Amino acid sequence: MATPHNAAQKGDFAKTVFMPGDPLRAKLIAETYFQNSRLVNPVRGIGGYTGTYQGKPVSVMASGMGCPSIGIYSYELFTQYDVENIIRIGTAGAIHPDLKIGDLVLGQGACTDSNFLQQYRLPGTYAPIASYALLEKAVALAKEKNVSYKVGNLFTSDKFYDAANSMKDWQKMGVLAVEMEAAALYATAAFTGKNALAVCTISDCPLTGEASDAQYRETQLHTMIKLALELA
Ligand SMILES: O=P(O)(O)O[C@H]1O[C@H](CO)[C@@H](O)[C@H]1O
Ligand SMILES: O=c1cc[nH]c(=O)[nH]1
């Protein structure tokens, strides 16, 4: 039953999987928030864990960075492990001028410069979108918890270091923030008939050069993590 990238057996993953890019963030979520957490996938150090959160079965597994990586892991979870919902718990760079470090962005849609979507051979441009049910629930939770958030388009880029410096162009189109996985996750969910949402915390501002360090990205993301976990 295992795949080349996942040693878990059928039934090892819960219906809802939380998916940060960073394997250390996945470990931290499992160790800090899950009860009875167990490692179900050690392959490539990508770390998949299953346990319970507030009595509900939940899993967390890292995606790695970029569309090809989340494309593999999300496709396998949806098609081989009967996973229904994948919720990305990510960091993102602010594009919208009103966003600051620590703010939450809920990715209603995800524009992209990746070729990932070309595999579907569609006769036009596909618009990857989040599950409306998950998005609606996340908005309600953000309001309830009084968290500073925005809902709108992400820009899923293949580049962290963008030689063309395209952020101003995406800003003109009202795009909120840049990250590297949401478009592939949303397209994979659509292709497999499943549900996905990307919840991101602003970790830096590429247009101003303001940035948080690796430790912040690994640990200071608890507002987002606690909100996302309630989506299970
Ligand atoms: O913090 P994560 O979830 O990895 O997300 C962002 O951080 C990585 C780049 O530093 C990319 O994966 C990007 O999408
Ligand atoms: O992809 C990313 C993630 C965080 N910050 C960025 O600038 N880009």
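Q: Which classes of residue make up the shell around ligand 1?
A: Ala, Val, Leu, Ile, Met, Phe, Trp, Tyr, Cys and Pro count as nonpolar, Asp, Glu, Lys and Arg as charged, and the others, Gly among them, as polar. Here the shell around ligand 1 has 4 nonpolar, 3 polar and 4 charged residues. A residue is near a molecule if its C-beta atom, placed from the backbone, lies within 6 Å of it. Those around ligand 1 include D22, E179, E181 and R217.

Q: Before we go on, what kind of model is this, and how is it numbered?
A: This is a predicted model, where local features need pLDDT of at least 70, side-chain atom pairs count only at pLDDT 80 or more, and totals for chains, interfaces and linings use all residues. Residues are numbered from 1 along each chain as its sequence is written, while chains are lettered from A and ligands numbered from 1 in the order in which they are written.

Q: How many helices and strands are there?
A: Helices (H or I, at least four residues) and strands (E, at least two) are DSSP runs, numbered from the N terminus. The protein chain has 7 helices and 10 strands.

Q: Which way do β3 and β4 pair, parallel or antiparallel?
A: Two strands pair if DSSP finds at least two bridges between them. β3 (residues 48–53) and β4 are antiparallel, with 6 bridges; G51, for example, is bridged to V58 in β4. The two strands form a hairpin with 2 residues between them, and Q54 in that turn has a positive phi of about 50 degrees. On the other hand, β1 (residues 16–19) and β4 (residues 56–61) run parallel, joined by 2 bridges, and V17 stands opposite S59.

Q: Which element gives the most to the shell around ligand 2?
A: That's β5, with 3 residues. The shell's residues include T91, A92, G93 and D204, and by class it has 5 nonpolar, 3 polar and 2 charged residues.

Q: Why does D204 count as buried?
A: A residue is buried if 20 or more other C-beta atoms lie within 10 Å of its own, exposed if 12 or fewer, and partly exposed in between. D204 counts as buried because it has 20 C-beta neighbours inside 10 Å. D204 is found in strand β9, and UniProt lists it for "active site" in an unreviewed entry, though such annotations may be inferred rather than shown by experiment.
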